[in-house]
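This report walks through selected local features of one protein model. It takes up a helix and the loop after it, then salt bridges, then backbone geometry and surface charge.

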Amino acid sequence: MQTGNSNSTGISDHASLAGSAGTNGHAKRTRVLLSCAPCRNSKLKCDRATPCGQCLRKGKPDGCQYAPRLEKQKPAKSMAARLKRLEGMVRNMIDDVDGSVNMAPTDGKPAQEPNSAAFVVQGQTATSYVGGTHFMAILEDIEDLKNYFEDSNGEDDENHDPFENMGPTELLMASRSSPKNKKELLALLPEKAVIDRLSNRYFNSNSPSQHIVHVPTFLKEYNQFLKDPNRTSLHWIALLYMILALGTFFSSFSAPHEVTNDPRSSVMDKFKQFRGAAGWALLWGKYSQPNQHTLQAFTLYVEGDFMTNRENRMNCYLLSSVLIRLMLKMGLHRDPSKMANITPYDSEMRRRLWNLAIQLDLLVAFNLGLPGMIHGIESDTQLPTHLMDSEFDTETKELPPARPDSDYTPVTYPINKAKVIRAFGLVARQAHSLTAPSYAEVLSVDARLEEVWKDVPPVMKMRPMEESVMDPPVLVIQRFGLAAIYQKSRCVLHRRYLAEVVPKEEHDYSRRMCLDAALTLLNYQDMMHNNTKPGGILNQTGWFVSALVAVNDFLLAGMVVALVLQNDKYWEVGSDFNWIARYTPTYTRDDLLQVLQRSHEIWEEMASDVPEFKKAQDVVRTILRRIQVHLGIETADTGASCAMPNGSGEMASVADLSIGSTGPSTTSSNEPAAGEFADFDTTEPNLMATDGRSDPPWMMQDGYDWVSPFQQLLSKLQQNC
């Protein structure tokens, strides 16, 4: 069989190359085989598609096989070596930082406001920065958690840098197989019926980006394209391909039967093919010389990366920066009313594009814990006008009056999201500030945030699910999207005051707001998770939740709850620091622990599908266990894989445990003793900065590897299970 020969040939070629390298006694560069086996054997040019054009022309797509790529071997590093290197880095940082925050005032002078410290971590292959908006920044406040990992005999650690591209090596815009000219680019388009169907799916998806493409204008341009495709600009073709790519993605949720009829390629293969074609069209059309079609296509390209490329947010961060610069080149940061010779139609579309670009930049930067590019740009561009596409066009001489805010239209969500995002941008900018803001400045931003949220119309405010059963699913999810931005803004703005060494009573307001926002976010996590399951009322719009659910948001909320739980000062009865007792509604430690346990259960359910969720589960699981030990709760390892039977032979569940539980012990002689986890407070304090700063990323081992210490602990626990 030709298929078998192709496979064996490809693998043997790789084996022979690897073998020759080993026999020569020195490392030899291994040749990467990019062509498929049939093309290589026939000495034909392979376009490297799957299947390639040559195999398709021969009618043998099944025989198109590629040799597996050899994985690069990274040198293993022990945990002890990584921690030793981290200790030296932290010491150097302490020596270099002037005016650091004191643990407590000793000279009668008021203590400095706690600031979100920023750290640069120099890895072997990359340098990474983490700022105060990342959930990781909170972990250092949870009493020396890093000392869990003081075992110098741990296994070699091998984890990937989350900033590293996990996909195929590529430039900002490229794909594995590139068409040679415009004719081949157009040949990649499906038949008209498929184009019509996918375009319809996109324009009826309620995508956050949909409003940047004016439907009547696009339809007119599409009909002109059908008459003479060769005369159509490359950047409009790029826009068409991105609409097809996103239409394919949305169809996989709303009408999966439409995109699974072709067994030769998966939904994501089709998405990548269309998106890759859009990238080549932008490159050939010289996107550095942009017009409106360029910005529309590029914006959709960035959005597509944001929704589908969870493992490499850095790529989206870079793309969004390029997008902002292209818009600066066209002057979109200035409101059209300040410039001459811009039509009403172009004015409105420029506002829509700029406001969406701001959202992408801030949200991607927040997820990475990095400053947004938009922070350094002065702009006076106004919000989009509340008008439907049918109410203006390219011939409009003057825009009609805006619709009332209470009207729900396709642009209601984008406009209100742009409002909330602008307030969120103020919070993120303050979190990345090089100097600690005064409390008056924090309250000023808080007042602005609350003012913006108050102006959001009731139709876009989050409601209990029992009151939303008859609402369109996409409206429910849009409400969630706005509320999530508002709540995480409150978390980031106020959470610095949870880390005060000596809590000040005047900061109780911030602590209450931060905890309230965190609990609300975790409630949203539970609500959306339950209703997007198969059979749930939000299941068909799951793509929206997939795009909106940022792991950082819910981890941030979980870390805030954990920080409150572990601080004994907050729970001392009759103490001046017991602001919890003055909190309404009143929560007990047991209540907060159950909330954190539920969050862990959700991450555990989601972990099997997405690697990013598995990392989130590991983080919450480890934090939860640390808090249980701190509170004296005897428990088996959190998670089903290490659940131990109780005295009655039943499996003990973490959810059934409460503070002060008197039930039978669920520990086992095979598990690490509780002391192994409780004694970390007294070991190796030099591994952490002790100057009172709230945000050193102690987990930053090598090249922004925020999960490796957790993996080391988890490996030890699993071995003992």
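In helix α11, the buried residues are Val267, Lys270, Phe271, Phe274, Arg275, Gly276, Ala277, Ala278, Gly279, Trp280, Ala281 and Leu282. Buried means under 20% relative accessible area, exposed means over 50%, and partly exposed lies in between, with a 1.4 Å probe and protein chains only. Helices are DSSP runs of H or I with at least four residues, numbered from the N terminus.

The model is predicted: local features need pLDDT of at least 70, side-chain atom pairs count only at pLDDT 80 or more, and totals for chains, interfaces and linings use all residues. Residues are numbered from 1 along each chain as its sequence is written, and side-chain values use heavy atoms, with hydrogens and water left out.

Helix α11 covers residues 267–284, which is 18 residues. From its first C-alpha to its last, α11 reaches 26 Å, close to the 26 Å expected at 1.5 Å a residue. The expected span is 1.5 Å times one less than the number of residues in the helix. Lys286 follows α11 and has a positive phi, near 60 degrees.

The loop between α11 and α12 (292–308) contains Pro290. Pro290 counts as buried because its relative accessibility is 15%. In sequence Pro290 and Met330 are 40 residues apart, while in space they are 7.4 Å apart, C-alpha to C-alpha.

Arg479 sits in helix α17 (residues 473–494) and is buried, with a relative accessible area of 1%.

**Salt bridges**

Side chains of opposite charge can pair when their charged atoms come close. How many salt bridges does the structure hold? There are 22 salt bridges, each being a side-chain nitrogen of Lys or Arg within 4 Å of a carboxyl oxygen of Asp or Glu. The table lists three of them.

| Residues | N to O distance |
|---|---|
| Glu451 and Arg448 | 3.6 Å |
| Glu601 and Arg598 | 3.4 Å |
| Asp618 and Lys614 | 2.8 Å |

Glu451 and Arg448 are separated by about one helical turn because they lie 3 residues apart in helix α16 (residues 439–455). Glu451 is partly exposed at a relative accessible area of 44%, and Arg448 is partly exposed at 39%.

Glu601 and Arg598 are likewise 3 residues apart, in helix α21 (residues 589–606), so about one helical turn separates them. Glu601 is partly exposed at 26% relative accessibility, and Arg598 is partly exposed with a relative accessible area of 23%.

Asp618 and Lys614 both belong to helix α22 (residues 611–630), where they are 4 residues apart, about one turn of the helix. Is Asp618 buried or exposed? Asp618 counts as buried, since its relative accessibility is 2%. Elsewhere, salt bridges that share partners join Asp526, Lys533, Arg598, Glu601 and Glu605 into one network.

Most residues other than glycine have a negative phi, and most peptide bonds are trans. Several residues between α2 and α3 can be read against that background.

Thr50 and Pro51 are joined by a cis peptide bond, with omega about -5 degrees. Pro51 lies in the loop between α2 (37–42) and α3. Lys43, found in that loop, is not a glycine but has a positive phi of about 60 degrees. Lys43 is exposed, with a relative accessible area of 75%.

Arg48, also in the loop between α2 and α3, has a positive phi of about 65 degrees and is not a glycine. Arg48 counts as partly exposed because its relative accessibility is 35%.

**A positive surface patch**

Which residues form a positive surface patch? Lys45, Arg48, Arg57 and Lys180 form it. Patches are made of residues with over 30% relative accessible area and no salt bridge, and like charges are joined within 9 Å. Lys and Arg count as positive, and the place of a charge is taken as NZ of Lys or CZ of Arg. Arg57 is in helix α3 (residues 53–57) and is exposed, with a relative accessible area of 65%.

Definitions and conventions. Patch = residues over 30% accessible without salt bridge, like charges linked within 9 Å, V, L, I, M, F, W, Y side chains within 5 Å. Areas by Shrake-Rupley, 256 points an atom, 1.4 Å probe, with all protein chains shown as cover. Helix = DSSP H or I, 4+ residues; strand = E, 2+ residues; numbered from the N terminus.
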